[in-house]
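Biologist: I would like to learn how to read pockets in a model. Could you walk me through it?

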Amino acid sequence: MNHFEKYESYIPFDLLVPQNFLLATLALTSVVLIRYLALTTCFYVAFYRKSWPWAKSRQIYPTLPDKKIQLFEIKWSVISSGIFGLGGVLLGILWQTGWARFYLPLDEYGWGYLLLSGFILSLLHDFYFYVTHRALHIPWLYRRFHAVHHASLQPSPWASFSFHPVESIIEALPLPLILLFLPLHPLVLLVYLTLMTLSAIVNHLGFELLPRGSARHPLGKWLISGTHHSGHHRYYKYNFGLFYTIWDHLLGTQHPAYEAQFMKNTGETDQST
């Protein structure tokens with residue numbers, strides 16, 4: 001475990017040296033891009049190249065996205081990966097210069113906090129995303145920036161990083177901002193980033209993966225699902241959350257037909273009738 005408690009395990013050289021900065025940006029961009037391609041390919045093969053009854057019964061769209069829109073999504077996702085890689089290096093500079101509140105001893109804040117900190121990060125990130133996402137739907141901003149993502153009316157899993165560069169910058173900002181005040185172990189951040197990529201892929205997959213009854217479950221109803229996010233791509237003015245439906249519920253932007261649509265996509269019968 002000592003490996004995860006050493007600064008050099010995460011930042012092996014001075015990021016303020018120009019050539020090191022460039023090398024780190026290329027390396028992190030490669031990591032982000034390879035992770036995106038590897039994870040998305042797994043889901044693409046499993047759901048778009050294979051035909052199995054369970055998947056067909058969970059398909060959200062009448063027809064799956066065609067090759068043209070998938071290539072469009074991949075193009076913008078590659079560009080976004082470069083911006084996310086640069087954002088990771090800038091976060092490293094914040095750490096190197098003492099601004100980011102990373103800590104290295106795994107038990108510095110206790111094991112309970114180590115496990116809970118990722119959830120706290122997700123709540124803060126979700127709030128940031130909701131606010132900025134609503135702002136990107138202001139007509140002027142939408143036309144110039146957010147329309148790239150919404151070109152995918154029926155997104156494929158490749159759409160998870162498909163953003164205009166300005167939106168990618170907005171997407172890259174919350175983690176450095178949150179790390180200015182939230183103590184976090186870098187290992188937690190690495191796990192969080194992988195789970196965040198998985199979440200984005202699943203929410204754009206075009207198939208509903210959550211169990212039946214989740215949309216009405218006391219806990220499940222607070223989680224974003226593929227059905228929930230597909231409703232945003234379809235209706236625009238609803239379902240703005242990233243991980244959770246908290247702010248959609250509180251601020252009245254949850255689509256009123258979400259539960260019914262979720263039940264339809266999971267083959268659930270309405271027990272109340």
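Modeller: On a 1 Å grid over the protein atoms alone, a pocket is an open set of points with protein on both sides within 12 Å along at least five of seven lines, and its lining residues have an atom within 4 Å of a point. This is a predicted model, where local features need pLDDT of at least 70, side-chain atom pairs count only at pLDDT 80 or more, and totals for chains, interfaces and linings use all residues. Residues are numbered from 1 along each chain as its sequence is written, and side-chain values use heavy atoms, without hydrogens and water.

Biologist: Which residues lie nearest the centre of the largest pocket?

Modeller: Val32, Arg35, Phe84, Gly88 and Leu193 do, out of 47 lining residues. The pocket's volume, the space filled by probe spheres set on grid points joined across faces, edges and corners, is about 1,200 Å³.

Biologist: Which helix gives the most to that lining?

Modeller: Helices are DSSP runs (H or I, at least four residues), numbered from the N terminus. Helix 8 gives the most to the lining of the largest pocket, eight residues. Among the others supplying at least two are helix 1 (18–49) and helix 3 (67–96).

Biologist: How do the residues of this lining divide?

Modeller: Count Ala, Val, Leu, Ile, Met, Phe, Trp, Tyr, Cys and Pro as nonpolar, Asp, Glu, Lys and Arg as charged, and the others, Gly among them, as polar. The largest pocket then has 30 nonpolar, 14 polar and three charged lining residues.

Biologist: And what is the volume of the second largest pocket?

Modeller: About 470 Å³. Its lining has 24 residues, with Ser122, Leu195, Ser199, Phe243 and Tyr244 closest to the centre.

Key
On a 1 Å grid over the protein atoms alone, a cavity is a set of points where a 1.4 Å probe fits but cannot get out, and a pocket is an open set with protein on both sides within 12 Å along at least five of seven lines; lining residues have an atom within 4 Å of a point.
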